[in-house]
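Hello,

Here is the structure I promised to pass on to you. Have a look at it, and then read on for what turned up.

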Amino acid sequence: TGEYMLVSTPTAGSDDTISFVTPSLPVALLPDDPDANPVQAAVDVARNGQDYEPSSLTFVFRPLVELEQASPNILVAYERGQRFITLSARGLVPAQVARCRYGDAPDAPVVPALVGSTVSAVCPAPSIEDVNRMSTPVTVPLRISINGVDFSISHVTVTIHPEITVSSIEPQLIYGQGGITVTVSGSKFVSTPYLRCRFGGLEVRASFLSADSIS
């Protein structure tokens, strides 16, 4: 890394593997700016603590990703792959191991991410299986990882709703061209400005009445 030599003490794994904790870079070398250039460092190993044996391996330090916006930020759990969230960010890097994580709990859902550019990524919504223990909406931080291990410190907030259940509608039959209020009964309805009903291919605004009914 030029004038800096960064040293870490490795931990023995086996005859052909060791592990080490990456050292901290000086701020002057890697500023806290998502648009800063990455820093590459050769990885050399010393068996006696002094004489380093050069290798062809290179380690890359990248600045932290800064998430700015999620769209949509209110979603309902579906089968994975049916709904997606678009993230706006700075400092992203296209990578096959990129991941999105919904929440910070040890069992928080982690899904593959598609990073299309340095400023945009797409994350699948959590699956029904991921949130089947939910009975009410939850708001969680959404973070992204480029290497599949280190998740961003910055985050955007998304609200996840459990799957809605519809049990009945009243009335089921009308005469004329419409304009009649229909009550839909079920469970896990929530009050949001995006509440809608769809009759075939026609979409109309819905009004929240209770957790068990809308109209």
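This is a predicted model: local features need pLDDT of at least 70, side-chain atom pairs count only at pLDDT 80 or more; totals for chains, interfaces and linings use all residues.

One of the bridges joins the side chains of Arg90 and Glu66, with N and O 3.9 Å apart. This pair ties together distant parts of the chain, since Arg90 sits in strand 9 and Glu66 in strand 7, 24 residues apart. Arg90 counts as partly exposed because its relative accessibility is 25%, and Glu66 is partly exposed too, at 32%.

Arg101 pairs with Asp104, and their closest N and O atoms are 3.0 Å apart. Together with Arg143, these two residues are linked in a network of salt bridges. Another bridge runs from Arg196 to Glu203, at 3.9 Å between the closest N and O atoms. Arg196 is partly exposed at 32% relative accessibility, while Glu203 is exposed at 55%.

Next, the cysteines. A search of the whole structure finds one disulfide. Cys100 and Cys123 form it, with their sulfur atoms 1.7 Å apart. Cys100 lies in strand 10 and Cys123 in strand 13, 23 residues apart. Cys100 is buried, at 0% relative accessibility, and Cys123 is buried at 0% as well.

Enjoy exploring!

How values were computed:
Residues are numbered from 1 along each chain as its sequence is written. Side-chain values use heavy atoms; hydrogens and water are left out. A disulfide is a pair of cysteine sulfur atoms within 2.5 Å. Helices (H or I, at least four residues) and strands (E, at least two) are DSSP runs, numbered from the N terminus. Buried means under 20% relative accessible area, exposed over 50%, partly exposed in between (1.4 Å probe, protein chains only). A salt bridge is a side-chain nitrogen of Lys or Arg within 4 Å of a carboxyl oxygen of Asp or Glu.
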